[in-house]
Amino acid sequence: MAQTRRDYYEVLQVERSASADEIKRAYRKLARQFHPDVNNEASAEEQFKEINEAYEVLGDDDKRSAYERFGHAGVKGAGGGSPFGAGGFDFTDIFDTFFGGQRGGQNAANAPMRGADIRARATLDFAEAVFGAEKEVQVTRHETCTTCNGSRMRDGKQPETCTKCGGSGQVRRMQNTILGQFMTATTCDVCGGEGVLISDPCPTCHGEGRVRTTKSFNVSIPAGVDDGMQIRIASQGDSGVRGGPPGNLYVVTQVRAHPVFKRDGTTIHLDLPVNIAQLALGDEIEVPTVDGPTERVTVPSGTQTGEAFRVRGKGAPDVRSGRRGDEVVTVRVETPTDLNDEQRQALRQFAKASGIDVNEQGRGLFGRLKDAFGS
């Protein structure tokens with residue numbers, strides 16, 4: 001009695017509405033699981049053949065359409081030959097899965113490759129980071145050799161195609177096994193996998209196609225950058241290899257500390273020393289800003305040291321929106337260190353009126369006698 005053939009969608013464990021990519025992923029997963037070289041179960045070989053047969057049909061748009069209209073009869077003969085190349089089946093997918101082969105006759109060794117990204121540092125003053133600036137940065141990068149225009153050959157000649165691998169960089173061989181025929185691929189030993197031969201290297205780049213150069217750039221630093229931010233300059237990194245695109249340049253900002261101002265995002269902070277009388281009685285005080293001109297801030301009477309006041313719109317701008325943050329001013333009582341006689345007497349009177357008996361320290365016997373008896 002003939003054996004009933006399972007539905008191909010059931011074999012690959014996908015829905016009938018599955019996309020081509022979903023079918024391919026399912027096939028690779030199952031093929032890896034049931035390949036006889038990795039699965040020692042007795043039924044693995046038959047399941048592996050069944051999986052390949054299902055993918056031979058569902059992986060081909062025309063065969064899949066015929067199968068959906070007429071079932072197995074519509075694709076009669078599919079999978080009847082060897083699952084490793086006979087009957088029109090392309091075994092490259094499973095070869096890629098297990099052995100890392102490349103499709104299309106080109107491997108990673110001779111494919112175009114994007115140039116590397118590079119970084120440079122721009123050192124900024126505090127105000128330059130807040131308001132933006134033009135800075136010159138110096139970078140060392142790989143550039144396409146102007147002598148050979150990147151061909152790697154003397155006088156700009158084009159490299160010869162490797163005759164052994166035909167330019168693919170790989171040598172393929174058919175290998176017979178008990179399961180059928182395997183197509184194996186190895187890196188070409190003549191060209192080293194590049195597919196071309198640099199028989200007469202360019203004397204400037206020594207056959208590399210690129211040279212290392214140092215170059216200066218004028219970079220526009222946008223207003224509002226902060227320490228450690230990166231500014232991307234497209235296509236100014238290392239040049240590509242074998243026609244690949246260049247990488248990018250990333251300029252990393254380094255902001256010098258300010259002696260007075262500190263920054264947290266778009267907020268600028270300032271600790272402002274004031275006299276105790278200004279806090280006790282209240283005052284209008286002049287507050288420095290990063291813009292240059294001062295701002296007047298009203299300090300109510302009875303303000304405590306450590307209280308903060310906000311000056312709107314005097315912070316740093318947001319680097320994306322341009323909207324400025326605020327400046328936050330924290331008042332701190334500054335204790336005088338060199339009092340004259342008048343100031344000292346006024347403080348004694350203030351202490352006495354406050355009910356405080358101050359035992360003065362640090363003036364010595366002569367100073368205290370002078371206060372007691374006068375000069």
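Trainee: How many helices and strands does the secondary structure come to?
Mentor: Glad you start there. This is a predicted model, where local features need pLDDT of at least 70, side-chain atom pairs count only at pLDDT 80 or more, and totals for chains, interfaces and linings use all residues. Residues are numbered from 1 along each chain as its sequence is written, and side-chain values use heavy atoms, leaving out hydrogens and water. With helices (H or I, at least four residues) and strands (E, at least two) taken as DSSP runs numbered from the N terminus, the protein comes to nine helices and 15 strands.

Trainee: Why do the buried residues of α4 line one face of the helix?
Mentor: Buried means under 20% relative accessible area, exposed over 50%, and partly exposed in between, with a 1.4 Å probe and protein chains only. In α4, residues 61–70, the buried residues are Arg64, Ala66 and Tyr67. They line one face because, looking down the helix axis, with directions taken from the axis to the C-beta atoms, they fall within an arc of 165 degrees.

Trainee: Which residue takes a positive phi just after α4?
Mentor: Let's walk the helix from its start. There, a side-chain oxygen of Asp60 reaches to within 3.0 Å of the backbone nitrogen of Asp62. Just after α4, a positive phi of about 75 degrees is taken by Gly71.

Trainee: Is Leu58 buried or exposed?
Mentor: Leu58 has its place in helix α3. Leaving aside neighbours within four places in sequence, Leu58 is in contact with Tyr8, Tyr9, Leu12, Ile23, Arg64 and Tyr67. Because its relative accessibility is 3%, Leu58 counts as buried.

Trainee: How many residues does the largest nonpolar core have?
Mentor: A nonpolar core is a set of buried Ala, Val, Leu, Ile, Met, Phe, Trp, Tyr and Cys residues joined through side-chain atoms within 4.5 Å. Among those with the most contacts inside the largest one are Ile23, Leu58 and Tyr67. The elements giving two or more residues to this core are α1, α2, α3 and α4. The largest core has 21 residues.

Trainee: Where does His206 lie, and is it buried or exposed?
Mentor: His206 has a positive phi of about 60 degrees although it is not a glycine. His206 lies in the loop between β6 (196–197) and β7 (210–221). At 62% relative accessibility, His206 counts as exposed.

Trainee: Where does Arg242 lie?
Mentor: Arg242 is not a glycine, yet it has a positive phi of about 55 degrees. At 32% relative accessibility, Arg242 counts as partly exposed. Arg242 lies in the loop between β8 (230–233) and β9 (249–255).

Notes: Polar contact = N/O pair within 3.5 Å; in protein donor to acceptor, adjacent residues only side chain to side chain. Contact = heavy atoms within 4.5 Å.
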